[in-house]
Amino acid sequence: MRSALLSVIFGAVFAIALVISDVGNWENTHYARTIDLSRGYVKETDLIQITNDGDTKQKIYYFTLNDGFDAIDDLSIISVGVDSTTLAVKALDSGFFEITLPKAVSPGDSVELRVSYVYLKGLEPVPKQIDMADSQQLVVKLNKMPYSPYSTKEYSLRFIGVAKGQEAEIFDDRATANPVIEARVEEKALVYGPIVDDIEPFSVEPFGLIYEHQQPLAKVENLHRSVWIPSAADQVQFEEYYELTNQGAELDKGFSRVDWMHGRYELTRDHWALKQLEFPMADTDFDDYYFTDKVGMVSTHKKIQNFLVLQPRFPLFGGWHYNFTLGWNQPIGKAVHKIDEDTYIARAPLLNSARDVVYKNVYLSFYLPEGAEFVNISAPLEYKQVDVEDEYSYLDVAQGHTKVTLKFENMFDDLGRVNAYIVYRLPAHSYLKKALKISGYTFAALFSYYLLTMLDLSV
Amino acid sequence: MAKSSATIAGVKVDTIRLLLRAIIFISIAGAAVSSRLFSVIRFESIIHEFDPWFNFRATKYLVTHSFYEFLNWFDDRTWYPLGRVTGGTLYPGLMVTSGAIWHALRNWFALPIDIRNICVMLAPAFSGLTAIFTYLFTKEMKDSNAGLLAAIFMGIAPGYISRSVAGSYDNEAIAITLLMATFYFWIKALKLGSILYGTITALFYFYMVSAWGGYVFITNLIPLHVFVLILMGRYTWKVYSAYTTWYALGTLASMQIPFVGFLPIRSNDHMAAFGVFGLVQLVAFGDYVRSNINTKQFKTFLTVSVVAVVLMGILGLVALTAAGLIAPWTGRFYSLWDTNYAKIHIPIIASVSEHQPTAWPAFFFDTSMLIWLFPAGLYLCFQELKDEHVFVIIYGVLCSYFAGVMVRLMLTLTPVICVSAAIALSKLFDVYLNVVELFTEEVEVEEKSSKKTTKQRGFPLFSLLAKAVVLLSFGFYLFYFVLHCTWVTSNAYSSPSVVLASRNPDGSQQIIDDYREAYYWLRMNTPEDAKVMAWWDYGYQIGGMADRTTLVDNNTWNNTHIATVGKAMCSSEEKAYEILRQHDVDYVLVIFGGLLGYSGDDMNKFLWMVRISEGIWPEEVSERSFFSQRGEYKVDGEASPTMKDSLMYKMSYYRFNELFGGDGTDRVRGQTIPAKNAPELSTLEEAFTSQNWIVRIYKVKDLDNVGRDLKQAAAFESGKKSAKKRGVKRPNLDIRLDY
């Protein structure tokens, strides 16, 4: 699994880069940044050709996010690769990422790194409040220059997923003197450079790009995703509770149904109100799914082609919220495998991968069968915490189900392909134990009733 | 009748009978429960209507807080800014029942069931119990055959189903069960003169008091029964011990309910029971005296004491009422005797559809063939006329009257209709099913007359045929009854009213979910402390689903506050704005059915708002000014200026005609809303309108600048003063005994 191999590191806090005394002697010969703005988050891919500028062989390269003026927040993942291999990345407190190359690079030799990272906070609607008929404009704040501990020789910056763009100046006293870089449009992309010039280490040139984005910025503040693994049945139950909001532009006045009906925004894909969520059915079939919220069932849902489409009760404009629950069953064969005698391994994707949605907090809970013993859990992404507790459920007469919860932060839709794995031990007789216990109780109750009827209570 | 020692295929007949009875009971309970599940199957497990939403909310409060917190619950999220002493003004029986079930299932059976599902399923579950108690009750009247018939009638009679479908989580859901249980144990106590049964009666009476304001019915019916028995000269020690046990224990117990408190010794509604209690003592004393002196002396003694007691009683009652020690009769009580009373004096009671007099087809609709078997059953009771039959007769007569006065009292009539119809029908079956006798009688006749006649009378064809015709026709009636009950339940009583259903052209069901859409929008997208003003009908639903503070709700305890909301709805925007500001209103919610043709909307209720506020502010609001020149209720071009100017009109039709691109059509009232002079709003802003326009929510705008603020503040002061001047005396509303 490709995604499982990704080595990923979280880092939400960015201190102003403290210069590490010894960053080695490297030079960025080519530095090409590509920023994908087609989704509700920012995805940056950097192709960096690095050259050993020193006298000795070097193996460690330090990478910094292209920031420099606190524009990037809520970093989701960062991954680094050379050719087709993925490298280990170590986040340092100083905001540096330490990359260990697969083999040492001799002086004068070069190697090409591919760094990509995603961060959630960085897009903002401008103006914040607009009319229903207006189009939504977002601004992304970026450092126009590469922000690297090393000097850069050739540099280019490229935006994709942008229909109409417009530059906005941002003044920040951390800006440095930089060479001029011109923009042009090339194959539906907005391209700056390339320029061949000496760009100093830690160059900062804040700028904003205002672009039209007619999609909602769907964000789930909290996602509680629970996986109920049965002891005997053949269906795994999934239930997810979402706290959904739209981070896009707000309405400048109240919601007018007349305007909404006249504009036919309900039917168009090209409007920034969040009207529906689309869950791909590639991995899950959503057998007997249900869609409810705190006031009961919601009737507006449908399976269309390969998607399960859920429509909230009302369209979500910027700042509006909608909490709901989605649950479904899945055959156990896909999720649980037997390792040996009484040990099992179960897997579940971290997310449900609704399209174009970002997540702040994700709580993934496995409910093991009653009587199961939790052995181990692992996920390819770093989790913030893991909790093991007991939860009582239907006819749990002993200690209840063991519930193992992983907490993740700053997730986005593509991470739905990543699985978490849990290993547990379930002795074969534990299932029988429960059945016997329940029938024992029932028998005892009936028998005591029988004994009571034997008593003569007549006065 | 089979003898107990008889066997069929080696099994005792009694055993078979027991088995059959058990199976019949299970089937009856099954039929009773399953016929109430239409709405769950068609829609979902959801709380229905209006009041159940409050009960549901209170139950949630109970299971999340302690019992004492629940009893002391002061709810500041309703009746803003007054609040409501909810814990002291509700009947906790229903909530405590479902709370206890919830705890029991969770803690003892390890079944953590959502409290909502328990609330939804409570009424059907209790209907099964009602059937059993009806069986026992009827068995006391006749025999177990009649009992089984009564049980099945009770299980599926629409009159009872109307208040006990799944989701109809109302006090009546358990109250009817308790009513039948109390009556059964009362009859049992009376028959046996047993203190044990008297105590059980008191216990069930206590449970009933804790569950429903209709307990007053029992409080008066049992004393009436005793009173009639005494008048009929049927006083025995059994009557004495049953009644005194029940009254003493029951009254003490009922006083433990905070909402009831000292009412049993203060309110006139309870005086009959108290009086009969005294009377029973006197009669007992008289009985004792009579057994010790001769008849002549006793007659004098009787005359003197009866006159003295009656005089003292009446004087005492009048004096205590005048002194204010006994509460006067409540308005709802008067409206039981004079159906026009409420319309004139208390429009708020009259505005509720279930307080209207019953239309005669409702009797057939709700009980089908039972309604004509009912008098037959009463007649049979008269024929036998034991003590318990007197009870059924009194119950039947009283309730027939009450059910005629108020639609909702149909509910208390249904059990006695079922019982008495079952008595009639089972008598009929007793006679007509007895084919054996036909043959044995024939044989006897033949033996006597064999010498004279020949053998031609071998087979009683015509008698058999006659019986078969009667039985078959009643079989058909019964079959038709079941059909009717199912049809009525399915079509009339199984709509949650929160969710509406319509049919697409292709026949598939389409759900119209505007209420929940709008309520959920309020819940998700308004500040948690936002105050929502709406007509009182929607108060409980807003509290339950939107979880926001309301100004008025279905617990109509404060008429003035409701009239204030009515006044805001029917006055002009500027005047209404003052009221809205005074009450910190953030959002105003109206129900509008004009687009969809949904007739239960606020424009159709508007005249009640006008009438209720006119009762308080007759010089400011006048019903006449809302009618058109020709005295019609119009919303189109001919609508009166006051109507067009009113906040309710503006909120309902704001930008409505734009949807039609010209003149709009109101599908409920079938009138045209002209595009010319379309309503405009300046102090409110449309905040949300649901998909089919059923719910429209407006936001109250803030004061626009600082300069106007002071001026407005001064206007507030004067506004408060002027509101106190009232020309007409308001109806004096007492604590309500209902809900």
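**Note on chain B**

1. Of the 739 residues in chain B, 53% are buried (under 20% relative accessible area, with a 1.4 Å probe and protein chains only). The model is predicted: local features need pLDDT of at least 70, side-chain atom pairs count only at pLDDT 80 or more, and totals for chains, interfaces and linings use all residues. Residues are numbered from 1 along each chain as its sequence is written, and side-chain values use heavy atoms, without hydrogens and water.

2. Chain B has 32 helices and 11 strands. These are DSSP runs, numbered from the N terminus (helices H or I, at least four residues; strands E, at least two).

3. Helix α10(B) covers residues 195-211. At the N-terminal end, Ser194(B) is the cap: a side-chain oxygen lies 3.1 Å from the backbone nitrogen of Leu196(B).

4. The buried residues of α10(B) include Gly198(B), Tyr205(B) and Met208(B). Their cover includes α5, α9, α11 and α12 of chain B.

5. Five strands of chain B form an open sheet in the order β6-β5-β7-β11-β10, with mixed pairing. β6(B) and β10(B) stand at the edges with a single partner strand each, so one side of each is left without a neighbour in the sheet. Strands pair if DSSP finds at least two bridges between them.

6. β5(B) and β7(B) run parallel, joined by two bridges. Val532(B) stands opposite Tyr587(B) in β7(B).

Conventions: Chains lettered and ligands numbered in written order. Expected span 1.5 Å × (residues − 1). Buried < 20%, exposed > 50% of the residue type's maximum accessible area, 1.4 Å probe, protein only. Contact = heavy atoms within 4.5 Å. Polar contact = N/O pair within 3.5 Å; in protein donor to acceptor, adjacent residues only side chain to side chain.
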